[in-house]
Amino acid sequence: MLRMPQARDYDDWYQLRRASQDFLRPFEPRWTELDLARRVYSMRVRRARQEAEEGTDFTFFIFLPGAGKDILVGGITLSNIRRRAAQFVNLGYWMGQQYAGKGLMSEAVRATVPFIFDTLDLHRIHAAFLPTNIASRRVLEKNGFVEEGYAKHYLQINGRWEDHVLMGLTRERWESMPMGQGRPAWIA
């Protein structure tokens with residue numbers, strides 16, 4: 001299940017991010033214990049709600065069904081939505097260490113793509129990953145993304161400007177994909 005973050009998710013988010021800090025550090029902008037504070041989280045939740053209302057960015061948490069309570073496993077961000085001639089969005093994601101490598105992010109991205117193309121009515125999805133991040137490459141390739149380029153010093157990751165592989169998925173490519181190969185069977 002994907003849904004926007006809420007104030008009540010703080011404890012689960014804090015525990016997952018804290019437990020996964022060393023795992024996530026090589027792939028994310030630098031962050032510290034202060035970034036995990038409840039006050040900072042509350043500001044993020046408010047900002048996520050405002051950006052969604054404005055239609056510029058969408059933040060989703062990924063949950064697995066649990067006995068009595070859903071389990072937070074990661075997150076997806078749709079950022080920098082551009083309209084007019086561009087009609088694209090940037091896709092980013094993170095997964096808690098204990099849930100990585102189980103295909104959950106591939107499923108979450110697969111569930112997000114129809115929202116992007118059908119609900120937001122965009123034409124293209126951009127994604128970027130560090131060249132050494134083979135797991136991210138697999139997530140994107142399983143969902144029909146194709147490599148489109150290589151950007152030197154593209155994003156600041158853990159305090160350093162890092163090169164990234166650029167991948168994209170267009171509406172035309174997605175619509176031409178057979179059911180079950182990146183395109184959910186429930187999409188007609």
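## Aromatic contacts, strands and turns in a predicted model

A search of the whole structure, which is a predicted model, finds 10 aromatic pairs. One of them joins F61 and F63 in an edge-to-face arrangement, with 6.3 Å from centre to centre and 65° between the planes. Both F61 and F63 are buried. Elsewhere, Y10, W13, Y14 and Y41 make up one aromatic cluster.

R17 is placed over two tryptophan rings. Its charged end sits 4.7 Å from the centre of the W31 ring, and R17 also lies over the face of W94, at 4.6 Å from the ring centre.

Strand β2 covers residues 58–64 and is mostly covered, with six of its seven residues buried. Strand β1, made of residues 2–3, pairs with β2 in the antiparallel sense over two bridges. Here L2 of the chain stands opposite I62 in β2. Strand β3, residues 71–82, also pairs with β2 in the antiparallel sense, over seven bridges. In this pairing F60 stands opposite I76 in β3. The hairpin of β2 and β3 has six residues between the strands, and G68 in that hairpin takes a positive phi near 85°.

Which residues of β5 form its covered face, and which its uncovered one? In this strand, residues 124–129, the covered face holds I125, A127 and F129, while R124, H126 and A128 form the uncovered face. Strand β4, residues 88–95, pairs with β5 in the parallel sense over four bridges. V89 stands opposite I125 in β5. Between β4 and β5 the chain passes through helix α4, residues 104–119, and this β-α-β crossover is right-handed. Strand β7, residues 160–170, runs antiparallel to β5 and is joined to it by six bridges. F129 has V165 in β7 as its bridge partner.

The pairings are listed here with the number of bridges in each.

| Strands | Sense | Bridges |
|---|---|---|
| β1 and β2 | antiparallel | two bridges |
| β2 and β3 | antiparallel | seven bridges |
| β4 and β5 | parallel | four bridges |
| β5 and β7 | antiparallel | six bridges |

**Helix α4**

Helix α4 has 16 residues and reaches 22 Å from its first C-alpha to its last, close to the 22 Å expected at 1.5 Å a residue. Its buried residues are L104, M105, S106, A108, V109, T112, V113, P114, I116 and F117. An α-helix has 3.6 residues a turn, so residues three or four places apart point the same way.

Most residues other than glycine have a negative phi. Where does D121 lie? D121 is in the loop between α4 and β5, and its phi is near 60°, a positive value in a residue other than glycine. N158 likewise is not a glycine and has a positive phi, near 50°. This residue, N158, is found in the loop between β6 (146–157) and β7. Is N158 buried or partly exposed? With a relative accessible area of 27%, N158 is partly exposed, because that value lies between the 20% below which a residue is buried and the 50% above which a residue is exposed.

How values were computed
Residues are numbered from 1 along each chain as its sequence is written. This is a predicted model: local features need pLDDT of at least 70, side-chain atom pairs count only at pLDDT 80 or more; totals for chains, interfaces and linings use all residues. Side-chain values use heavy atoms; hydrogens and water are left out. Rings of Phe, Tyr and Trp (its six-membered ring) pair if their centres lie within 6.5 Å; planes under 30 degrees apart count as stacked, over 60 as edge-to-face and the rest as tilted. Buried means under 20% relative accessible area, exposed over 50%, partly exposed in between (1.4 Å probe, protein chains only). A charge sits over a ring if NZ of Lys or CZ of Arg is within 6 Å of the ring centre and within 35 degrees of the ring normal. Two strands pair if DSSP finds at least two bridges between them. A crossover is right-handed if, with the strands pointing away from the viewer, the path from the first strand over the helix to the second runs clockwise. The expected span of a helix is 1.5 Å times one less than its number of residues.
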